Amino acid sequence: AVPSSGEPDGARGRTRPHVVFVPSAGMGHLLQFIRFITTLSSHDVDISVVTVVPTVSAAEADHLAALFADFHAIRRVDFHLPPSDAAAEFPGADPFLLRWEEIRRSMHLIGTAIAGVTPRATAIVTDVTLVSHVNPIAKNLGLQCHVLFVSSATMMSLLSYFPIYLDEKKNPQAGVGDVDIPGVRCLKKSWLPQPLLNLNRLFTKQFIENGREIVKTNGVLINTFDALEPVALTALRSGKVVAGFPPVFTVGPHNTQATATTKEDDEVSPPMAWLRQQPARSVVYVAFGSRCAVSHDQLREIAAGLEASGCRFLWIVKTTVVDRDDDAGVRDVLGDGFMERVEGRGFVTKEWVDQEAVLRHPAVGMFLSHSGWNSVVEAATAGLPLLAWPRGGDHRVAATVVASGGVGVWMEGWSWDGEDWLVSGKEIGDKVKEMMADAAVRERAAKVGEEVAKAVAVGGTSHTSILEFVAKLKAT
Ligand code: UDP
Ligand code: UDP
């Protein structure tokens with residue numbers, strides 16, 4: 001671009017990009033946006049963030065408020081969601097999925113808001129769940145459109161290949177089966193996000209539309225790093241998965257230290273204060289993400305397992321999907337006497353903890369996790385072994401990366417949501433005990449942590465990828 005010669009903002013030839021972020025809903029999505037936004041804010045770009053209000057959960061509202069309070073240069077573009085009939089149309093749908101649909105249906109209005117920002121926008125970075133609606137609007141406005149993808153490169157290969165898989169199926173009546181992604185790997189039917197098995201589901205309709213659109217965008221930013229998923233990244237970049245795939249920027253793991261969510265007072269929050277008193281590598285950290293409601297029966301088996309393991313543990317219990325309705329007492333759920341029996345060696349809470357701080361803490365020895373992608377990447381960064389117990393969604397796809405990338409161990413046989421059998425407390429306790437004692441697993445995870453440090457250092461693959469993305473933003 002030609003440098004501007006004293007022209008007003010918004011005139012042709014501006015070299016300073018103005019990026020408008022369009023996040024969707026759910027902490028797993030929002031946290032990554034916040035983290036990447038804060039990273040980008042240290043580069044020579046203007047940033048706006050479309051903020052859809054009200055948020056679904058209280059945690060989302062808090063984190064957005066903290067972002068704008070801490071970074072005054074980041075502009076907030078509030079969007080008041082108009083009433084929608086999506087909830088009536090899809091009764092019983094997950095509240096976050098419904099919100100994605102509501103935002104998708106309002107995207108023309110959000111497009112108008114984006115067209116009105118000053119200085120003139122030059123690019124949009126959207127959440128993947130909205131891309132089929134955002135990309136055409138960006139193209140109409142003459143803006144670059146990039147996707148900030150919140151899952152793995154392996155999941156990106158599934159998303160972009162799935163529509164082709166359906167188109168090429170010899171017997172369309174036969175239903176969805178194993179999906180063999182060219183150049184990546186064959187994903188078994190039982191590993192797929194299970195809604196994909198039903199082509200009439202809201203999730204699946206969105207997934208297919210978004211998957212078809214990806215290839216038409218200007219770039220895909222993924223919270224991963226080259227050494228973690230070399231095979232999937234090579235296949236995406238070489239066009240093996242989908243011909244003509246846009247540039248892939250591997251910008252992970254996102255920098256979490258600099259974000260508004262890392263507050264000093266977390267250091268003295270009750271779980272952190274408790275951790276400080278525990279011996280090195282003695283604690284099993286147990287958490288299933290921000291929105292995974294494990295059944296009460298399964299929670300009781302986990303309790304029995306942790307108790308039987310004899311290990312110390314810090315357990316974050318979520319009993320409902322949205323934190324605002326979370327009032328089931330932990331004591332009621334876990335049954336009589338459990339809290340008393342584990343007093344001193346177990347810390348159980350349903351509050352939001354700073355997971356990153358927990359994973360970094362020297363007292364923690366392993367992470368029993370639902371294998372949500374953020375958790376996987378955070379464990380990789382901390383070099384802490386992860387025991388993957390997928391619960392639903394893309395967790396089994398993420399677990400393939402846990403196993404192949406050396407982050408930890410995947411319990412492929414353990415049941416997830418929708419399978420009507422429980423993993424017994426005995427099995428959980430035995431596995432936890434075994435993994436706490438496994439030096440080889442610990443060493444592999446520590447090596448992954450070293451790879452992360454290299455990737456994000458100056459000259460590393462992720463650091464370079466961010467600079468390449470900024471250069472692309474300037475090339476308008
Ligand atoms: N996803 C996608 N395209 C869509 C909707 C979802 O690629 O249109 C991805 C999403 O980013 C995640 C997975 O599909 O990787 C869905 O996982 P899940 O149901 O667990 O939802 P999430 O945890 O992402 O909110
Ligand atoms: N998280 C946290 N404290 C909590 C629960 C979750 O900091 O009490 C963070 C966690 O560090 C991660 C995100 O919330 O960054 C959860 O994302 P993930 O992809 O692991 O799971 P999801 O919640 O999307 O299922």
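**Exercise 1. Find which residues of α7 meet which residues of α8, and describe how the two helices pack.**

Solution. Start with the contact itself, where two residues count as in contact if their C-beta atoms, placed from the backbone, lie within 7 Å. On the α7 side the residues are Leu159, Ser160, Phe162 and Pro163, and they meet Phe207, Ile208, Asn210, Gly211, Arg212 and Ile214 in α8. Sorted by class, this contact has six nonpolar, three polar and one charged residues, where Ala, Val, Leu, Ile, Met, Phe, Trp, Tyr, Cys and Pro count as nonpolar, Asp, Glu, Lys and Arg as charged, and the others, Gly among them, as polar.

Next take the geometry, with axes as lines fitted to C-alpha atoms over the stretch in contact and angles running from 0 to 180 degrees between N-to-C directions. The axes of α7 and α8 are 8 Å apart, and the helices pack at an angle of about 100°. That makes α7 roughly perpendicular to α8, the word for angles of 65 to 115 degrees.

The model is predicted, so local features need pLDDT of at least 70 and side-chain atom pairs count only at pLDDT 80 or more, while totals for chains, interfaces and linings use all residues. Residues are numbered from 1 along each chain as its sequence is written, and chains are lettered from A and ligands numbered from 1 in the order in which they are written.

**Exercise 2. Work out which elements contribute to the shell around ligand 1.**

Solution. A residue is near a molecule if its C-beta atom, placed from the backbone, lies within 6 Å of it. By this rule 15 residues surround ligand 1, and the closest are Ser151, Gln206, Asn210, Gly393 and Asp394. The elements giving two or more residues are α7 (153–168) and α8 (202–214), and the largest share, three residues, comes from α8. By class, the shell has seven nonpolar, seven polar and one charged residues.

**Exercise 3. Describe the shell around ligand 2 in terms of its residues and elements.**

Solution. Of the 20 residues around ligand 2, Gly28, Gly289, Gln355, Gly372 and Ser375 come nearest. At least two residues each are supplied by α1 (27–40), α14 (355–360) and α15 (373–382), with the largest share, four residues, from α15. The shell divides into eight nonpolar, eight polar and four charged residues.

**Exercise 4. State how many helices and strands the protein has.**

Solution. Helices (H or I, at least four residues) and strands (E, at least two) are DSSP runs, numbered from the N terminus. Counted this way, the protein has 19 helices and 15 strands.

How values were computed: Parallel < 35°, antiparallel > 145°, perpendicular 65-115°, else oblique.
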